[in-house]
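Me: I would like to learn how to read the packing of helices and strands in a model. Please take it one feature at a time.

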Amino acid sequence: MCMTDPISDMLTRMRNANMIHRESVDVPASKIKLSILKILKDEGYIAEFKEIPDDKQGVIRVYLKYGALKQKVINTLVRESKSSRRVYKSAKDIGTVCGGFGAAIYSTSKGIMSDKDCRRLRVGGELICTVS
């Protein structure tokens, strides 16, 4: 199957698994997906992820996080910059998501990083996705 946007596919798989309270979801592996998942784990939106090698490109198993009463930690997970419409932000235009309760993930010249790191390092880039 030919995928035009693998990052969007990963986010959609996570959104769908989160809606039905699945414990984990498998996505095809890539370096940029691992970077995005590392930021989501550091921000506290997913419990864990691990890379499972196979004969092809590998698989990443993402373990979703829920509250004590099975309430969702991820309420919204939106792909902002698409192949049809790229979204770029300069360092001074990077704001907070949901008043600081959410996170945005940017692709910068210094790598994939969260909005907090972008503000701290004063660097802008392509807005990949937002999560709250």
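Reply: Start with axes: they are lines fitted to C-alpha atoms, for helices over the stretch in contact, and angles run from 0 to 180 degrees between N-to-C directions. Helices (H or I, at least four residues) and strands (E, at least two) are DSSP runs, numbered from the N terminus. This is a predicted model, in which local features need pLDDT of at least 70, side-chain atom pairs count only at pLDDT 80 or more, and totals for chains, interfaces and linings use all residues. Residues are numbered from 1 along each chain as its sequence is written, and side-chain values use heavy atoms, without hydrogens and water.

Me: At what angle do helix α1 and helix α2 pack?

Reply: Two packed helices are described by the angle between their axes and the distance between the axes. Here α1 (residues 6-19) and α2 (residues 31-43) pack at about 40 degrees, with axes 10 Å apart. That makes α1 oblique to α2 (under 35 degrees is roughly parallel, over 145 roughly antiparallel, 65 to 115 roughly perpendicular, the rest oblique).

Me: Which residues in α1 and α2 meet?

Reply: Contact means heavy atoms within 4.5 Å. P6, I7, M10 and M14 in α1 meet I32, K33, I36, L37 and L40 in α2.

Me: What is the strand order in the open sheet?

Reply: Two strands pair if DSSP finds at least two bridges between them. The order of the three strands is β1-β3-β2, with antiparallel pairing. β1 (24-28) and β2 (46-52) are at the edges, each with a single partner strand, so one side of each has no neighbour in the sheet. The twist averages 20 degrees from one strand to the next. β1 and β3 (residues 59-64) pair over five bridges.
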